[in-house]
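Here's a quick tour to read alongside the viewer. Keep the structure open and click along as the topics come up.

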Amino acid sequence: MEDKKIILDVKNLNTSFKSDGQVIKIIKDVSFQLEKGRSLAIVGESGCGKSVTVHSVTRLMAKNAIINSDHVIYRSYRNSEEPKEYRIDKMSNYGKEMRSLRGPEISMVFQDPMASLNPVYRVGDQIIEGLLEHNKSMSKKEAMEKAIDMLKKLGIPAPEQRVKDYPYQLSGGMKQRIVIAIAMINDPELIIADEPTTALDVTIQAQIMELMKKLQTDYNKSIILITHNMGLVTEMADDVIVMYMGRIVEKGSLRQIFSNPSHPYTKMLLSSVPVLGLEQGQKLTTIPGSTPNPADLKEGCEFAGRCPFCTDACLKGKIPGFEIEEGHMVRCLRCAGHKEVD
Amino acid sequence: MADNNIFRLENVKVWFPVQKGFFKKTVGHVKAVDDVTINVKRNETLGIVGESGCGKTTLGKAMMLLENPTGGDVYFNEDGTEKDITKFSKEERFEFRKKVQMIFQDPYSALNPMKKIYTEMEEPLLIHGYKDKAEREYMMEQALKLVNIPVDYLFKYPHEFSGGQRQRVCIARAMEINPKVLVCDEAVSALDVSIQAQVLNLMKDIQQERDLTYVFIAHDLSVVQYMSDRILVMYLGKAVEMADSIELYANTKHPYTVSLLSAIPVPVLDRDKKRIILKGDVPSPINKPAGCPFHERCDRCMERCKTEEPQLKDVGNGHFVACHLYE
């Protein structure tokens, strides 16, 4: 790992929630690394823990969450070749250190632009709030100029007028641009986008995605994209993680996952998406059953109950991950025989 | 073949007044559906696509008389005689509703959380005058069998179901009085992909079994193409293109449809990407641009498009398009 600049290194992340007197494990032994300048997509159905994973990394969790991990390391490569290391796992959720990371180093774009903007403040004030918080010496006027610059970069027409608007005066796509501007204003190295376009129309989604791709390539930013849209993944991501019931079931580069999906869940997930140009009369593959309740999961493979290849061995113990190709990990006993990596 | 049409819409307009001031003076109209002429054939699936605010839901509601058209006629032809549903009396409307049912977008809010599925499903039967309890129960059971839900689930509450099951219950509730037409308004957009595939396949099976006609409204073009025989593309209350689903994808005409199709991210590696990113947003339906509604965002806009509104015209092969480029 000499040349690779690992910006985020997560090892054995476990997150549980206390609820009704019992502890429910939501994230189980999640490990991944993100290189600088690359984008990582986390895909899975709702409830598979993709949002909880990134919220555990940024420590934006409710009080009943218990986060454990071997380590969560964020490395900042800003200004120098020697990275500055931050042990996120050792920080307290809302301590000074963590707060200084959120914004200037790691920032998030949330799903619903309608809900993530405050309706009673002008959008300009909402953009500069983070900037002023992290740069105490900056004047409001300077900050506003930076905000206007940022909006120009994001392709918003007449930004001088737009900063004086309230959120209700803007359309959905515009609002999402404002949310991205808020996330970008402190020039963070890592942007986490949690379903950034789910609430938007396809044409607007294409605009926003184009924009994010440009930010990534032009400014060499790293992106974690959370989505359930397989199409977006192929257009945006370099690496892909597939999650099911809180566990990474398959991990690899975009090409590895899409040209050689090896976990039964990934295969079925990919073939259950209707693709344009499907022959008339052709049927979609479906995954039988529905996702189990995380509170009553037994040991063994989480997917066993819905898997057509399930054997007795699948129902026992912890299923290890096998590396079937360099960088391509599959957590399935059908790949046994390859090198165990996890 | 007029006989083949179960629905025929002629110049349907649904306008909502915009009122201002103390006297509620009407200052303008939101032209949600503006001058749409289409037909729905028997036993086909007509897909309606478009971005949010293009009027696809309002058009679906106009077909169900949930919204009274401001202008134009909606003809319904069940048994060979065409009737204008906008002129129906109260009794006729009641009968009509037996034949046309709707499935709504969000299965979480379409079922009353305080009521058991039994009560929920019994209601339409009671309204439509099925007095015999045993008969009602038989019909409910048949409907649940159709959607592969165990009959003893009748005595459960909605919170005990998953999203896919709820949507299946909604389909069962719509199907139990044997309608001829199902209007599905974004029926699968609230579901996960694996569940979505289950529901879509189920809907296709039911259609074959019961000779149903679907009007399938959705914003997801890949889902619509999978389900539909013909597709209507709407933009700002106007029908801009209508064709067989295969024809529409293979031989896309209207610049809006072209850009809409190119905007869809497809989960296929190494697709040759010729993306057309549309600029700006959909204009307000209150102050529509003059001429072609799409001309401000169109990359092939001509002088003529700014003043003259194109009409939906047949360009052969059952392909209709409203664009000056193809005249």
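A residue counts as buried if 20 or more other C-beta atoms lie within 10 Å of its own. By that test, helix H1 (residues 50–58) of chain A is mostly covered, with eight of its nine residues buried. Bear in mind that this is a predicted model.

**Helix H1 of chain A**

- The buried residues of H1(A) are A:Lys50, A:Val52, A:Thr53, A:Val54, A:His55, A:Ser56, A:Val57 and A:Thr58.

**Chain A overall**

- Chain A has eleven helices and 14 strands.
- The radius of gyration of chain A is 21 Å, close to the 20 Å that the globule rule gives for 342 residues, so chain A is as compact as a globular protein of that length.
- If you want a box for the C-alpha atoms of chain A, roughly 65 × 55 × 45 Å along the principal axes will do.
- Of the 342 residues in chain A, 44% are buried.
- Take the contacts in chain A between residues at least 6 apart in sequence: 61% of them join residues at least 24 apart.

**Two domains in chain A**

- Chain A splits into domain 1 (6–237) and domain 2 (247–340).
- Eleven residues from domain 1 of chain A and ten residues from domain 2 of chain A make up the contact.
- On the side of domain 1 of chain A that touches domain 2 of chain A, strand S2 (22–35) and helix H9 (230–236) of chain A each supply at least two residues.
- S2(A) gives the most to that side, with six residues.
- By class, that side of domain 1 of chain A has six nonpolar, two polar and three charged residues.

**The largest nonpolar core**

- As a general point, nonpolar side chains tend to be buried together in soluble globular proteins.
- The largest nonpolar core here has 177 residues, and A:Ala147, A:Ala181 and B:Val215 touch the most other members.
- Helix H7 (residues 172–184) of chain A gives the most to this core, with eight residues.
- Domain 1 (6–237) and domain 2 (247–340) of chain A both give residues to this core, so the core lies between them.
- What does B:Val215 contact, leaving aside its neighbours within four places in sequence? The list is B:Val40, B:Leu46, B:Ile48, B:Gly60, B:Met63, B:Val181, B:Val183 and B:Cys184.

**Where chain A meets chain B**

- Between the chains, 39 residues of chain A are in contact with 33 residues of chain B.
- Helix H8 (202–219), H9, helix H10 (254–259) and helix H11 (264–271) of chain A each supply at least two residues of the side of chain A that touches chain B.
- That side of chain A divides into 16 nonpolar, 17 polar and six charged residues.
- A:Gln207 is found in helix H8 of chain A, and A:Gln207 counts as buried because it has 22 C-beta neighbours inside 10 Å.
- Leaving aside its neighbours within four places in sequence, A:Gln207 is in contact with A:Gly173 and B:Ile277.
- A:Arg177 is 30 residues from A:Gln207 along the chain, and their C-alpha atoms are separated by 9.8 Å.
- In H11(A), the buried residues are A:Pro264, A:Tyr265, A:Thr266, A:Met268 and A:Leu269.
- The cover over the buried residues of H11(A) includes strand S10 (239–244), strand S11 (247–253) and H10 of chain A, together with helix H6 (193–210) of chain B.

**Positive phi in loops**

- Most residues other than glycine have a negative phi.
- A:Asp20 is not a glycine, yet has a positive phi of about 50°.
- You'll find A:Asp20 in the loop between strand S1 (6–19) and S2 of chain A, and with 6 C-beta neighbours inside 10 Å, A:Asp20 counts as exposed.
- B:Asn317, also not a glycine, has a positive phi of about 65°.
- B:Asn317 sits in the loop between strand S11 (313–314) and strand S12 (320–321) of chain B.
- Is B:Asn317 buried or exposed? B:Asn317 is exposed, with 10 other C-beta atoms within 10 Å.

Notes
Residues are numbered from 1 along each chain as its sequence is written. Chains are lettered from A and ligands numbered from 1 in the order in which they are written. This is a predicted model: local features need pLDDT of at least 70, side-chain atom pairs count only at pLDDT 80 or more; totals for chains, interfaces and linings use all residues. A nonpolar core is a set of buried Ala, Val, Leu, Ile, Met, Phe, Trp, Tyr and Cys residues joined through C-beta atoms within 7 Å. A residue is buried if 20 or more other C-beta atoms lie within 10 Å of its own, exposed if 12 or fewer, and partly exposed in between; C-beta atoms are placed from the backbone. Helices (H or I, at least four residues) and strands (E, at least two) are DSSP runs, numbered from the N terminus. Domain bounds come from an automatic or database domain assignment. Two residues are in contact if their C-beta atoms, placed from the backbone, lie within 7 Å. Ala, Val, Leu, Ile, Met, Phe, Trp, Tyr, Cys and Pro count as nonpolar, Asp, Glu, Lys and Arg as charged, and the others, Gly among them, as polar. The radius of gyration is taken over C-alpha atoms; the globule rule is 2.2 Å times the number of residues to the power 0.38.
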